[in-house]
Amino acid sequence: MAVTDPALLDLETAGWGGDHAHDPTAVRDDDGTYWLFSTDAYADGPVRGGVQVRRSTDLVTWTFHGWALPDVPAAAASWAGAVGLWAPEVARVGDEWRMYWSASSFGSRTSAIGLAVAPHPAGPWTDRGLVVTSTHDGIREGVSPHGDGPPNAIDANLVVDGDRHWLVYGSFFGGLHALELDPATGLALTQGPGVLLARRPAAVEGAVEGPYVLPRPGGGWAMLASWDSLFDTYHVRAGVADSPTGPYVDRLGRDLRDDAGTDAGTPVLTGHRLPGGPGLRGPGHGAVLTEADRQYLVHHVRDADRPTHHRVQVRLLAWTHDAWPVVSLLPWADTDHERTPATAWPDDPAVLRGAWDVLDLSADPRAVQPTTSSTLEVTDVVAHGSGRFAWRWGDGARAEAVVMPGLDPVRAHPTWTFGAVDDRGRVVAGVRHAAAGPTP
């Protein structure tokens, strides 16, 4: 399939920056340049196909680089009828870079995941063929085509576990699965769908999609995935497992494969509004960028007041003392304060004093919730070092938390932000007021 519409070919992209990035993933090359790959999406209309590519030196300012491929590869266009590519996953394997892309159309599970390879993130990219495909075959008459039936071959994530490679993929059409790959070629070793990792009930008109699996400190694995509608209620939840292929459970021990319930999965990032700032709606489809000294969640978000507009955001991701992922409420701004090594993050409970803008992510994870200004009513505080604390909330729940650096974008002041997960499955985050203590 070749692009023939001049309007798609001549679209002005120079001023896009991080705007119009959807389902992003980021990597860093040997020279220190960051490369962002994302769905062929444009908030104001159609766009040509081939995977959008951006580059940056700081994860803040992005320059549009172009498209990885000239269009949708012929085999994928023939199979799925797709006019663009979705949700690319890019990873380095040996001396080559591998990009898994998805081809589909909205509302269909006639989809395909393919593979392209390149010597560098900038390309040139060469198509290596289809990895896994899916169709509507197997849907039961009279049953909602969401949690039941075959999976949907979209939203790829490459997981490397020693000498075994897995493709984690899928959506609310049939849930999330893991399919083993040949490490030498990057192609599937067996026919799909693979091992079931997560599923929501067939009756639920909401997604679980965009999976990303990563190692936990000290062993085991965590899976981040996006729940609900990408247009407004999207948010990120997590589960953990001993193996990349599960079973994954949330903070309360609920199995993410159990489709008897609708709310398994522990919130990680939800829509929110800080005082004086814009509302952020539907953060989701996150990938994790891992560097030697820190990790980031790279995701898209929509403006609460302009929900059709989407862009990339990057946030620090950290791990509690018991290895649960939490992320910063503050977008990465690449300041000296944010670059403070984790070993120098606060270990004195005094950092918890004073006024904070606090958000209970679990209270209504599908909404754009405003933060509340308050003090942290905590007792029995234990400092584990490197910003990690444990404490007890006023209602007796025991929480594990991480205090990490950030830049308050409203007050334009360096500050501290925290994420806490408690034994009742509640997730609370906060941003310290600049006047709450000494300037970091």
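Me: Which strand is joined to strand 25, and how many bridges join them?
Reply: Strands are DSSP runs of E with at least two residues, numbered from the N terminus, and two strands pair if DSSP finds at least two bridges between them. In this predicted model, strand 25 (residues 378-385) runs antiparallel to strand 26 (residues 388-393), and five bridges join them. Val378 stands opposite Trp393 in strand 26, while in the hairpin of these strands, with two residues between them, Ser386 takes a positive phi near 55°.

Me: What should I know about the numbering and the model?
Reply: Residues are numbered from 1 along each chain as its sequence is written, and side-chain values use heavy atoms, with hydrogens and water left out. Because the model is predicted, local features need pLDDT of at least 70 and side-chain atom pairs count only at pLDDT 80 or more, whereas totals for chains, interfaces and linings use all residues.

Me: How is a pair of aromatic rings described?
Reply: Such a pair is described by the distance of the centres and the angle of the planes. Rings of Phe, Tyr and Trp (its six-membered ring) pair if their centres lie within 6.5 Å, and planes under 30 degrees apart count as stacked, over 60 as edge-to-face and the rest as tilted. The structure holds nine aromatic pairs. The rings of Trp16 and Tyr42 are stacked, because their centres are 5.2 Å apart and their planes stand at 15°.

Me: Is Trp16 buried or exposed?
Reply: Buried means under 20% relative accessible area, exposed over 50%, and partly exposed in between (1.4 Å probe, protein chains only). Trp16 is buried at 6%, whereas Tyr42 is partly exposed at 21%.

Methods: Helix = DSSP H or I, 4+ residues; strand = E, 2+ residues; numbered from the N terminus.
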